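Please open the model in your viewer and keep the selection tool at hand.

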Amino acid sequence: MPHKWGMAVDLDRCTGCEACVVACHSENNIPTVGETEAARGRAMHWIRIERYWEGEFPEVQVKFRPVLCQQCDEAPCEPVCPTYASSHSEDGLNSQIYNRCIGTRYCANACGYNVRFFNFFTPSWDKPLHLQLNPDVSVREGGVMEKCTFCIQRINAGKVSAGIEQRPLLDGEIQPACVQSCTANALVFGDLADPDSTVSKLSKSPRGTKLLEELGTKPKVTYLQRGSWDDSQKR
Amino acid sequence: MDRRNFLKVGALTGASATLTSCGNPEHQMIRFIPEEEIQGGIAIWKPSVCPLCATGCGMLVRVVDGEAEVIRNGKKGLIQMGLARKLEGNPAHPISQGKLCARGQAAIQVTYHPDRIIHPLKRNGVRGSGPFQEITWDEAITILLSQIDGLAAAGSQNALAFLTKPMRGQRQTLISRFMQSYGAPPPMNFDPFGDQVLRRANAHSFGHEQLPTFDIAQSRYVISFGADFLGSWNAAVPQSAGYGEMRQGKPGHRGKFVQVEARMSQTGANADEWVPVNPGTEGVLALGMAHVIVNLKLRPGNLAALAEYTPAEVAKRTGVKTERIERLAREFAENSPAIAIIGGTPLAHTNGMFSALAVNTLNTLSGSMGKPGGISFMPQPGKDAPPGTSFNKFVTEQLASPESPVKALLLHEANPVYGSPSAWRVREALSKIPFIASFGSFIDETSILADLVLPDHSFLESWVDDVPESGAGIAVASVAPPAMRPIHQTRAMPDVLLDVSHRLAKPLQQPLPWKTYEEMLKDSFESISPGADTWNNAIANGGVWGKTGEPGVRPLVPLFPRYSEPEFDGEGVQFPFHFLPYKSQSFLDGSLAHLPWLQELPDVLSTAMWSSWVEVHTETARGLGLVQGDVVEISSTQGKIQAPVLLSPGIAPNVIAMPMGQGHETFTRFASGRGANPISILAPMAEPETGALAWAATRVRISKVDAASKLILFAGGMREHPDDHR
Amino acid sequence: MTRKSDSSLTDDLLRPVFETSTKFYVTAAVLAVIVAAGFGTWFYQIYWGMGVTGDNWPVFWGLHETNFVFWIGISHAGTLISAILRIVNATWRRPVTRCAEVITAFALMIGAMFPLVHLGRPWLAWWLIPYPSERLLWPNYRSPLVWDFFAINTYLLSSLLFLALPAIPDFALIRDRTTGWRNWLYGKLSLGWQGTPRQWHRLESAMHMMALAIIPIAISVHTIVSFDFSMAVVPMWHSTIFGPYFVVGAIFSGIAALNIVMAIVRRMLHLEKYLQPIHFRNLGKLMLAMSLLWGYFVFNERLVTWYGNTPHEMAALWSTQLGRYSPMFWTMIFCNFILPFPLLTIRKLRSITATVIASCGVVIGMWLERFLIIVPSLSYKGTSYSWGTYLPRWPEIVIFGASFAAMALLYLLFSKFIPIISIWEMKVGEHSNIKVAAQVQESEAAGELV
Amino acid sequence: MKVIKNGVHPHRGMLTLLIILGILGVVGLASGLLFESSILKGQPIAQNPPVGTTGVFTPAHSSVSLAVRHFFGWRPAAVQPIAFNHKPHLEQAQMECLYCHAGALTGPRATIPGVNSCMTCHNTIAKDKPAVQQIAEYFNRGEEIPWQRVYGWNDEAHLRFNHAPHLAASVSCGKCHGDVGSMADAKRIIDHSMNFCVTCHKEKKASIDCVTCHF
């Protein structure tokens, strides 16, 4: 049975600590573009914490929202790619095949969430910083689009070991770097095809919403909205 | 040629023909035989301890083989070795609980930093100007020995000083023993933004001179007075984990969280209710709540002692409405277990002690001390090191006497030249010292003054140990062997110190019998919990932990502190704004500004990268005719700095705030000459009892200056459209 | 002016082919230098990466894509117009058609360059060609970019044919007047044309078929170009009117370009006798009609968006109406609508110069329109946190400039090798009816300035 | 032929024009090349390359020739520093592939054995052989032998191959590496084209998802 990888993001737990952001950089060899390029809007963060102000001083509040690739079932990025570099994997991931990418950047324009990032230059690391690179993930060269993969290298590794041991994958056995690092356990990853998995249960929560649902992209990331204290008092 | 290549040729045009002639990329470098058993491509996880902040998270290091450029017997070459690739929290460790914050995960870049000092250095030119020359370890040790022995010969052992960042565990023990047995004063810890005030207050209130541990997970109501406990204060990682549980871990019970502060912190941003108060009046609010609680007989207490803290009076002082005070008080009393936390800014006023005691009183009233969902104190096994002496005292003495009382200074990972107000004139003080040796891994504002640099291993390359002060309900002693072999010509500071202690003219064999730091750790751990394989288990798991003794809290009658008015430097007309420097979420007090991942990490509230900024309330800015990105000059009585403006609705109109961390003069290619350092313009105000720096007691004025803005924001929504950024 | 003898007409029209002034060489050289600079810049961009452009997150498309749409638009001048005119058999078309068709051919070639220029890894562009590869992969036929690939190639091929067919008799003409390599060359080009009635008949019928076929092709091409945008769920892109909107815009800018080119050719090759005020006036009328249509579409697009009032679309909309992009928008309105109107309607103002001025305005305006379709929408896409903006950098601007130089250069060379006015069609016109002459006299009576 | 009044002679006119254009075209491309080759030689470039303050950017390839070779998938055949001969090891000594290439069983990389593992046998066996003596020299110098990889893909393939699952699926070494036993030094006799991989994956009902190999 094919898997259907998905994520639940509990906005009530998320503290905006950004551990996930660095974890992602570390796991996926995401280049540090430097001051000049960052100023030109070329900084790469496969996962980011969006911050929104609400209300006015002194009654001001902030809402954090971790945004990563939503791994849509109806992904706008997929049909527009002329070379299938952006395509739907068996497990329902929006896979980005770097070697097939010719750099039209059409997928990034089509994406409603702006979670795709383009290698405007070929990155390099001041020695010996290159030793920190994760050998299980390829380093993308200039002209190639990249994005969150739900840590496909971890998914594949998990499948391989399970396959060799000839056992099914356990719920929570595979954790993307962001989920693993999330200090408040706000991120939960798992198989939506398995109704008993934690993520499936959370995705069905009454607090569950999808990001920009109106686009009809059928995201596999569910956002659990913040509860309010008074509700919990009523219960 | 098959079809495929034919098409390629077509695509490539004739140009390729001319291009193929160019040079050959593969160049051969000699490869040394590996010095360890290692299988290619297989990842192994090794325990370690995060050294970046005082939390002391236990972590796992993912080690995969790779080819590092090293020098072996004079030859440069490649060697296949196990290399740390990623840092994650150690699930078995009670503090980190398998998690690690952004800073901790970026710690890996300390090891691989391109500007790390890779071999011993000797000053070669004017002190502070920079030029160093490479020397061998033997030369380096000889120089150090001659200096120390020289002092001993002159009979002025007490002229030796040791300055470190706050350290715990055996490193601290080793250093203090070394100093003690040599006959020098105890080592100094440099930590101007630490929590001495709170520790002292806790000693008064609960008999523990220690930071508290909060059981937030079990708590139903958390009110925090300025404590950024989810970001940069105390044990942020376990506190975040607990916070998550408090919110959604207990079905049907969603704990409430109220934050009291003048500038919205990352923690404040998560609050159900954010309560801005006038700077320095947090304690007043706490006692106001206490007054209501006692008055309404929600808890027993001596109302007379609280007479002056009637809601009306408190409202006048704090700027918080009476009804709100009463409501908060009621909620706090009715939803137990409840926790009141104080940390950061409120303690950084001249009346910090008052505020701390006031909040402690609130906690005593709540009755959740030492209970689940309340506050406890971690037992700290093997904590025998005497407390360090005051750094301020040392500096003043230095400046006072014409002839430097300190003849030789040993420096380890402390950067006071950057990290203290310019009014302290640390640079002058240190410059008077004839000989300075630094064990640090980087050239920063302080270590550039050194005459001798003996670079330490990175924490991944050396034996690490720690005894966390707070963050878990049980006792924890962490220890871990090196996760990887050193990639540079460095040596572990403890080993060097032991080596030196044995080779002194009067060897310190007796107090420091160990050959290596490893042996010392082994002994200490077997003394903590005797047992055959304690040690092996400890280094396999990354430490030992468990219930050793009770996290006892002396049950106290609430003690009601006397009110003391906060004092500020710079009078209100000339300097209309309170100036709040705060620990940057990425760089803390600036010691992490050299890590590129953290430089490019968007600050979660401002989304700023690679830059420093000053937060100004939207209305205030409008009044001053300032827009997003305008560069302003911030002047206090002590000096002036420049920074771009960041509009924020989350800050009191009479306050401006600025993150610490940027504004380094010399601190690697990534941090040098970037942004401005708010610490430099702080007034040398102090909390009277502890003498701790009151870093929030400075007032400033701001004026627009004509300068190119270096404000780099990740969020295009804020970068391009400051008004639509909601 | 009276009817000329065939030979004098032929000599007139062949003069550019045979006479080569130094002025020509200088112009060609200057243009060639600019084109070379363009190629050098492209190489620079390939070497370092797309980062040398102003593209960023989230505005991943900028000037290159604008130019792509712009040039494809320009290409709609020729073939489409001449095809229509041929079908309705408007006699005044005769001197105009070839000028027009040439524009199509070259504008398409240049336009088709830009998709390559904008690629992050252009050396892999051949993956768009469907061929059975050892990877067992085909292009993704769901992608509008692949549709583009086919549509543009089809259009290029057919308009080249459409250009070549009626040129055959003229090739033959030159063949008969030359010796040596040119005799050989034009001999090959003229495909053994002898001018027999059968050949004439075949040519005519072929031209008719082509004319009929080319119109749907042309329309489909720019509709498909519009699909590049309208198929994506991006504010202001995801619109059903984009097809006709783009086609109208294309023809609009096409006619403008044609006017300008005709004026230049007229001046440089001294063809005042053949390209006459009437042609400009008629094309002007056509352009005016297009201007109205275009205005209607713009109004329509904006009104619907405003009425629909979805937050992100409104953000993009207001940025063009009052926000950061509004100066460009209002310039566009002025150039495409307010400027042409008086110049093309008021009799007193009507003149070649006026038409040319209006046309220049329209070309600028239409370029702005392409820019305003692409950039603001991308700037205001997705969550407001990730909004952005765009400013071009020098490589884009250099390549932009070079594309115009390339157009001029190609046109110059073409007019050097092939008479820019179809000689035989002129002759046919001379013989078949006197209309042209009549119109000419009438226009002179109207005191048209030449 | 007919010479037209006061005109340049047509033939010459055309030819000169063509020549001029040709030259300019070449200049255009050459300018690019020169600028670029100056980088290859490490000379300072006139215009600063558009790189970040941290100098984090390089061209996609260290040299144009490398780029071209990668583009065409040209890889020179591996030339080994020592004339290693698989035959005796596999035939006389009856060794398994996995004895030396142990990594294949448990990990992604088959791993080329280090000089240490050579010496485990060869400090006693066949010490007289010149090749073995060469190995000993390396060993004594404390250096690894710079063996060259025979197979493998260039970076643009973004291919993450893992030996372990293939062995678990009992794919014989020879299936992808040929009968190394019959060769002196291992040669790249099987083209590891995508076709080769995908065909086998299809036969074995293994996943042919792109992300199975490319990530």
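How many residues of chain B are in contact with chain A? Select both chains: 56 residues of chain B are in contact with 50 residues of chain A. Bear in mind throughout that this is a predicted model, with an ipTM of 0.89 and a pTM of 0.90.

**The side of chain B that touches chain A**

Several elements of chain B each supply at least two residues of this side, including strand S3 (58–72), strand S4 (75–89) and helix H8 (236–248). Now colour the side of chain B that touches chain A by residue class: 30 residues are nonpolar, 15 are polar and 11 are charged.

**A sheet in chain A**

Move to chain A and select strands S9, S1, S11 and S10. In that order, these four strands form an open sheet with mixed pairing. Strand S9 (187–191) and strand S10 (208–209) of chain A are the edge strands, each pairing on one side only. Strands of a sheet pair through backbone hydrogen bonds, either parallel or antiparallel.

Which of these arrangements is found between S10(A) and S11(A)? Strand S11 (residues 221–224) of chain A runs antiparallel to S10(A), and two bridges join them. To see how the strands face each other, select A:Thr209, which stands opposite A:Tyr223 in S11(A).

**A loop residue beside the sheet strands in sequence**

Next, select A:Ser205, in the loop between helix H7 (198–203) and S10 of chain A. Why does A:Ser205 count as partly exposed? The reason is that 14 other C-beta atoms lie within 10 Å of A:Ser205, whereas a buried residue has 20 or more and an exposed one 12 or fewer.

**Chain C: a helix and the confidence**

Select helix H2 (residues 22–48) of chain C. At 1.5 Å a residue, its 27 residues should span 39 Å, and this agrees with the model because the end C-alpha atoms are 39 Å apart. Just after H2(C), C:Gly49 takes a positive phi of about 115°.

Finally, colour chain C by pLDDT. The chain averages 88, and 94% of the residues score at least 70. Where in chain C is confidence lowest, and where is it highest? Helix H18 (residues 435–445) of chain C is lowest, at a mean of 48, and helix H3 (residues 63–74) of chain C is highest, at 95. Over residues 433–440 of chain C the pLDDT is below 50, and this stretch has 10 contacts in the model beyond near neighbours in sequence. Where pLDDT is low, the predicted coordinates should not be read in detail.

Notes: Residues numbered from 1 in each chain as written. Chains lettered and ligands numbered in written order. Predicted model: local features only at pLDDT ≥ 70, side-chain atom pairs only at ≥ 80, totals over all residues. Contact = placed C-beta atoms within 7 Å. Nonpolar A, V, L, I, M, F, W, Y, C, P; charged D, E, K, R; others polar. Pairing = 2+ DSSP bridges. pLDDT = per-residue confidence, 0-100. Expected span 1.5 Å × (residues − 1).
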